[in-house]
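Have the model open while you read.

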Amino acid sequence: MQQVERWKFAVIAGVTALFLGFWAGLPTTLGIDLAGGTELRYDLDVSSIPAEHRSPELTKATVDLLARRLDSLGMKEMTLRPVGEYSFMVQLPGVSSTEAEQIKNVIATSGNLWFKIVHNSKGRDPFGPNGWVTWQRNDPEVQALIAEIQQRKDRGEYNPQEEFYDVAIYEVRDKQGRVLERFPILVENEDAVPGELLAGADFGRDQFGAPAVEFYMKPAGAARLGATTEKHTGAAMAIVLDGTVISAPTIQSTITDRGIITGRFSRAEVEQLVTVLRSGALPAKPILQSEDTIAPTLGADSIRRGLVAVVAGVAVTLAFMVLYYRLAGLVANVALVLNLIILMGAMSLFGATLTLPGIAGIVLVMGMAVDANILINERIREEFDRGLPIGEAVAAGYRHAFSAIIDSNVTTVLTAIILYAVGTGPIRGFAVTLMIGIVTSMFTALWVTRVLFDWLLARGWYTRPNYLRVLADTNFPFLKKRRVFVLTAVVLLNLGFAAFALRGEEKYGIDFNGGIAVRMRLKEPLGIEEVRARLKGLERGGRRPYEAVEVQRIGEALPDGRARTFQLLLTASGDRTAALIPAAAAETRAAAAAGHAPAAAEVEGASGPEESEAARLAAPRTMQEQFIEDIEAIFGDVLLPDPFGEPRFTTVGEGEQRRLIMEMEVRLDPQAAEGLTAEEVQARLRALGGGPAAGTVTATADPLAGITVTRTADVLLVRTAELPFETPREPLYWKVRGAIDKLFGPQIATPFPFKNAIGASVAHNLRARGIMAVLLSLLMLIGYIAFRFEFKAGLAAAMCLFHDVAVTLGVMMVLDWTSPWTGIDAKINLTTIAAFLTIVGYSINDTIITFDRIRENLARANPHDDREEIMERSINQMLSRTVLTSSTVLLVLVVLALAGVSSLMGFTLAMIAGVVFGTYSSIYVATPILLASGRGLRRVVLAELVFIAAVLVLRSYL
């Protein structure tokens with residue numbers, strides 16, 4: 001082997017080993033669609049901030065402060081970033097539903113803290129006949145004043161600096177911390193102490209040993225708090241956080257530099273309050289606009305199916321290359337395998353998040369990477385057929401293919417950049433995969449394969465391009481019938497555009513329209529019509545709220561047409577979507593039930609009311625919560641039950657020796673939990689607890705430490721060790737449930753593995769960004785073509801791209817119309833936008849390569865040669881490459897479709913349609929337009945504009 005060959009092979013081996021090491025040694029970050037988890041989108045409420053003080057820095061300051069808050073909770077794997085002028089996103093891969101609720105509460109708590117005196121509370125207990133709570137609720141003047149203040153706040157006319165009174169929400173809770181009632185109380189602004197004078201906060205305990213918050217005041221705050229408490233000794237001091245009273249103790253004596261906030265707090269609640277108080281108030285209040293929750297079970301299934309798609313797609317591609325190109329195919333396959341290794345290693349090195357669309361991107365990169373190898377191999381054969389020796393033919397093949405390869409890959413990178421700029425998590429993952437894949441495929445296709453060819457040539461092992469021949473040396477008269485072909489393309493374009501325009505708002509998914517998507521799993525199969533009938537049968541307030549719910553079957557149907565998994569889509573438009581997400585975390589009923597809502601108000605020395613179901617006042621429901629509850633009611637007889645059974649509490653011992661034991665059942669997914677043993681579950685839970693292995697658990701040990709687990713069929717029976725009798729029961733339940741959910745989420749049978757709710761502002765923003773992405777990519781690619789070739793080439797490319805997108809949209813509209821029967825989600829959303837942009841990049845590649853050959857042949861031709869004949873010869877010369885590339889990409893896409901990843905089915909089918917019609921346009925449309933006269937083009941463009949205007953006018957009347 002020559003010295004230069006050794007050096008080249010050393011570089012290839014070194015790069016491969018390096019990136020293989022990155023892939024094997026560095027953790028792969030999974031997106032929430034694979035790892036399970038939650039994605040939250042927030043808007044900042046800047047209505048109360050003067051216009052001159054609003055800027056993008058406001059969002060950045062909010063994100064930075066929230067990052068510090070969440071870091072203190074140990075959420076290191078989260079992604080928190082701005083996504084708009086006054087919007088930000090939080091991605092929480094792998095977290096349990098309990099942890100997600102905790103994080104939502106921390107984010108939604110602005111941290112606006114005040115110490116305010118409760119009006120007319122001096123010398124009064126809170127409850128009882130003469131208590132200040134009873135007096136305020138029964139006094140007409142107080143109630144009238146409360147109503148007036150609330151109305152002025154709603155109108156934006158209330159200024160606390162000029163008002164003597166304010167209103168705060170008081171919560172009455174039972175001994176377990178559950179909300180019994182919420183109502184407004186009157187507090188005084190005079191002598192109020194703001195939280196900005198707080199110096200710090202820490203975890204503490206009250207005189208009974210219960211968790212409490214210790215706080216410390218700055219010197220100015222100590223003086224002000226001392227004066228207030230001295231003046232109002234015997235009155236109740238409301239500690240108000242974001243308008244909600246977290247505690248209202250009676251002032252027993254003067255408090256200056258430090259104090260304690262007591263209440264029925266769990267340790268987690270105290271830690272949450274300490275986190276918020278330490279970080280301070282947010283610059284603006286975050287309003288939750290969308291919530292996307294994916295259960296780990298669904299993520300595990302997506303990984304399995306995605307890996308099947310990758311392996312099968314790569315296998316099909318490798319087999320095709322060997323069968324068609326033989327030895328040269330083996331060379332290409334070595335490059336493709338190295339490409340995959342380097343791609344995965346680079347993603348691990350840069351910490352790129354692997355998402356479900358990212359897996360599709362890997363499959364697509366492998367399919368499209370073949371394009372460069374096909375282009376080179378076909379050019380080598382062409383040069384060899386002209387009479388060049390094999391060594392010179394190889395060199396000429398690489399030299400002539402270089403320009404077309406560079407141009408086609410640059411356009412794909414430009415498309416990926418735009419996609420990254422406008423996309424969210426999973427779509428950004430797709431864009432990153434595409435960009436890295438293009439770079440790695442350039443290295444392997446242009447450099448690695450050349451080194452291998454040179455090595456084979458030096459040993460005499462590659463003597464001729466002994467390839468199969470499909471569509472070689474053709475002489476089809478493509479341009480003779482160009483009017484028919486262009487007319488066909490125009491008709492297809494118009495049909496696609498008309499179908500898209502006339503389909504209406506229902507063509508958009510909840511990404512672009514706002515709404516709620518819930519995936520529902522049943523223990524007993526139902527037919528799709530029965531699911532619809534049950535939903536339509538619900539009546540409330542004289543109307544049927546779920547008549548328009550779209551029902552899609554997920555996965556394969558049983559032989560009788562029934563299924564166990566369905567996706568329910570409740571789309572909304574206009575102002576309705578504003579109600580999808582709560583405006584304040586205090587109204588999140590689910591968080592309260594989970595024991596993570598703001599802490600209970602409690603007065604020191606008062607026992608509080610006993611729990612009464614009749615007194616319970618539920619917090620306002622969001623549309624998403626209401627939808628879930630209605631689904632549970634409608635399908636309760638067949639719905640897969642909550643995998644976590646009701647806890648059973650047992651008391652052992654007597655008197656001071658009494659201990660508490662909790663038992664609960666957890667239902668497993670039979671397929672996912674196959675092989676999972678009770679011993680493994682027990683060991684991992686005990687390790688998480690970090691305490692003694694068994695026996696009685698001390699008061700300070702984690703209750704997970706002494707846990708025991710047994711398994712019967714598909715049910716786990718979980719039992720704690722003996723715990724202190726005073727252990728709060730509900731927090732204990734959620735502690736154990738959260739740990740099991742986090743450690744074994746993929747094996748748990750959940751009835752709702754996927755939930756997504758998007759409000760109006762997010763939906764409209766995403767739709768605008770999606771449309772802008774397509775338009776920007778079209779303009780950028782057209783400009784690039786015009787720069788590299790000529791203006792008319794840019795115009796031809798533009799018409800081809802519009803054709804491909806419009807026809808694919810038409811196909812999507814047909815699929816969307818038939819989705820109730822097929823179960824295919826073909827709505828226009830961010831994932832299909834990714835498909836459209838990929839189609840645009842793929843189509844432009846074909847067009848560029850054909851135009852590049854036309855430019856080469858025109859440069860070689862005599863000035864008197866017939867231009868039409870040269871163009872037709874160019875199309876025929878590139879026909880084999882065009883068909884082969886399309887075929888390999890289609891093979892990979894078919895494999896992806898057969899893998900059955902339902903959330904990618906719309907993307908895959910859109911790509912298949914785009915590849916088919918993109919191939920048609922690159923052969924039958926692009927070159928005829930390039931050949932056409934300026935007058936003919938103007939007439940076609942004018943006719944298209946008239947047609948589009950007519951369709952839009954018709955749409956306005958429908």
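The axes of α22 (residues 791-817) and α26 (residues 905-924) come within 9 Å and cross at roughly 140°. Axes here are lines fitted to C-alpha atoms over the stretch in contact, with angles running from 0 to 180 degrees between N-to-C directions. Helices are DSSP runs (H or I, at least four residues) and strands likewise (E, at least two), numbered from the N terminus.

On the α22 side, the contact (heavy atoms within 4.5 Å) includes C800, H803, V807 and M812, while α26 brings in residues including L909, A913, F917 and Y920. By class, that contact has 10 nonpolar, 6 polar and 1 charged residues, with Ala, Val, Leu, Ile, Met, Phe, Trp, Tyr, Cys and Pro counted as nonpolar, Asp, Glu, Lys and Arg as charged, and the others, Gly among them, as polar.

A note on the model: it's predicted, so local features need pLDDT of at least 70 and side-chain atom pairs pLDDT 80 or more, while totals for chains, interfaces and linings use all residues. Residues are numbered from 1 along each chain as its sequence is written, and side-chain values use heavy atoms, leaving out hydrogens and water.

## An antiparallel pair: α12 and α24

Now for α12 (residues 390-422) and α24 (residues 830-860): their axes come within 9 Å and cross at roughly 155°. That makes α12 roughly antiparallel to α24. Among the contact residues are H400, D407 and T411 of α12, plus L837, I844, D852 and R855 of α24. This contact has 7 nonpolar, 8 polar and 5 charged residues.

## Nonpolar cores

A nonpolar core is a set of buried (under 20% relative accessible area, 1.4 Å probe, protein chains only) Ala, Val, Leu, Ile, Met, Phe, Trp, Tyr and Cys residues joined through side-chain atoms within 4.5 Å. The largest has 119 residues, and I380, Y462, I828 and F851 have the most contacts inside it. Leaving aside neighbours within four places in sequence, F851 touches residues including I785, F789, A926 and L930. A second, separate core of 25 residues includes V709, L723, W734 and I740.

## Positive phi

Most residues other than glycine have a negative phi. N120, in the loop between β5 (113-118) and α5 (132-138), has a positive one near 55°. D191, in strand β7 (residues 179-194), also isn't a glycine, and has a positive phi of about 70°.

Note on methods:
Parallel < 35°, antiparallel > 145°, perpendicular 65-115°, else oblique. Buried < 20%, exposed > 50% of the residue type's maximum accessible area, 1.4 Å probe, protein only.
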